[in-house]
Amino acid sequence: MRKSFYYLISAVVITSCSTNPYKASEKVYDAKLKTLKDQISTKEPQPLPYVAETAISIDTLYAKQLHIFKDSISKMGSTPLQNGINTEWIGTVNFNLRKPNFIIIHHTAQDSLQQTVKTFTKTETQVSSHYVISDNGKVVQMLNDYLRAWHAGTGSWGKNTDINSSSIGIELDNNGTEPFTELQINSLLALLTKLKKDYNIPAQNIIGHSDIAPTRKKDPSALFPWKILAEKGFGIWSDEFSETAPLDFNVEQGLRIIGYDTKNLSAAVIAFKLHYIQSQVDDTVDENTKNTIYSIYKKQ
């Protein structure tokens, strides 16, 4: 009996001291996690083609918020579930950061870069963007590309109803009534060149705030040069000589397949025309509008 007791004690000791079978993979997990934490923590200015390097000071609220996210992705261990089961933690070695798949372009509807930066650095405004581009071409980055900014609000594109979680927001310093400057558009093109390459963002996923929120937003305005962007590979544009849409072509279905929320069809038509037929921004669906919708629909 005593011998059996000693065997039992020895087995418990050996088991408690045995090597964690996942020790090697946990080590890889920790190393990759540290790399990713460093990646989302970087505040270094990024060089862009033909755009001067820009650095901004980071306030303590930003640093505090970033610290919270760094800590949250490091949490490992058991989590209790409502059915009384606790999860078991075993770290995988196959992971990376989620990458953005959309770029949403806005105008600030404010009067200066400084005013917009001030707005985005106040907690009570609850609004932000990854980049702000001044009318003189200066580019300010305010959030790491991998982090979630609050620029899109309630909106959707196709079946994606959480645009903030899958997009990069770019704000252009413009009050909504003035033309966009050449310096500003050149900097935007340089930034889009970098972002599209870095994240392999499809051309058709570079859209405007009004596209994803047709009942609420009108930015960027009808003065924004979407055609120029499309010619450079950032967005799409209708063919120069649009094919006549079939007689049975359903405009609402076409807009919905492009990505628009058509619950309010009038608002969806206006948003489409704000982007693609800027000389006539209304809810009239004439032959030209129908043919243009058909042209964009075929490019999806």
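Trainee: What should I know about the model before we start?

Mentor: It's a predicted model, where local features need pLDDT of at least 70, side-chain atom pairs count only at pLDDT 80 or more, and totals for chains, interfaces and linings use all residues. Residues are numbered from 1 along each chain as its sequence is written, and side-chain values use heavy atoms, with hydrogens and water left out.

Trainee: Okay, the sheet. What is the order of its strands?

Mentor: It's an open sheet of five strands, ordered β3-β2-β4-β1-β5, with mixed pairing. Strands here are DSSP runs of E with at least two residues, helices are runs of H or I with at least four, and both are numbered from the N terminus.

Trainee: Why do β3 and β5 stand at the edges?

Mentor: Each of them has a single partner strand, so one side of β3 (139-141) and one side of β5 (206-208) is left without a neighbour in the sheet. On average, neighbouring strands are turned by 25° against each other, direction ignored.

Trainee: How do you know that β2 and β3 pair?

Mentor: Two strands pair if DSSP finds at least two bridges between them. Strand β2 (residues 131-133) and β3 have three bridges, in the antiparallel sense. One example is Tyr131, whose bridge partner in β3 is Gln141.

Trainee: And what joins β4 to β1 and to β2?

Mentor: Six bridges join β1 to β4, and these strands run parallel. Ile105 stands opposite Ile170 in β4. Three bridges join β2 to β4, also running parallel, and there Tyr131 has Ile170 as its bridge partner.

Trainee: What makes β4 mostly covered?

Mentor: Six of its six residues are buried. Buried means under 20% relative accessible area, exposed means over 50%, and partly exposed is in between (1.4 Å probe, protein chains only). Ser167, Gly169 and Glu171 are buried on one side of β4, and Ile168, Ile170 and Leu172 on the other.

Trainee: Why is His107 called buried?

Mentor: His107 lies in strand β1. Its relative accessibility is 12%, so it counts as buried. It touches several residues beyond four places away in sequence, among them Glu171, Phe180 and Pro220; contact means heavy atoms within 4.5 Å. His107 and Pro220 are 113 residues apart in sequence, yet 5.0 Å apart in space, C-alpha to C-alpha.

Trainee: Is Asp211 buried or exposed?

Mentor: At 1% relative accessibility, Asp211 counts as buried. You'll find it in helix α6. Leaving aside neighbours within four places in sequence, its contacts include Trp157, Tyr260 and His275. Asp211 and Asp261 are 50 residues apart in sequence and 8.6 Å apart in space, C-alpha to C-alpha.

Trainee: On to the rings. How many aromatic pairs does the structure hold?

Mentor: It holds 10 aromatic pairs. Rings of Phe, Tyr and Trp (its six-membered ring) pair if their centres lie within 6.5 Å; planes under 30 degrees apart are stacked, over 60 edge-to-face, and the rest tilted.

Trainee: Why is the pair of Phe180 and Phe224 called edge-to-face?

Mentor: Their ring centres are 5.3 Å apart and their planes stand at 85°, so the pair is edge-to-face. Phe180 lies in the loop between β4 and α5 and Phe224 in the loop between α6 (209-212) and α7 (226-231), so the pair ties together parts 44 residues apart in sequence. Phe180 and Phe224 are buried.

Trainee: Then what makes the pair of Phe249 and Tyr297 tilted?

Mentor: Here the centres are 5.3 Å apart and the planes are at 55°, so the pair is tilted. Phe249 is buried, with a relative accessible area of 12%, while Tyr297 is at 29% relative accessibility and counts as partly exposed.

Trainee: Which residues form an aromatic cluster?

Mentor: Trp157, Trp237, Tyr260, Phe272 and Tyr276 form one.

Trainee: Last one: how do helices α8 and α10 cross?

Mentor: The axes of α8 (residues 251-258) and α10 (residues 287-298) come within 9 Å and cross at roughly 35°. Axes are lines fitted to C-alpha atoms, for helices over the stretch in contact, and angles run from 0 to 180 degrees between N-to-C directions. On the α8 side, the contact residues include Val251 and Leu255, and on the α10 side Ile293 and Tyr297.
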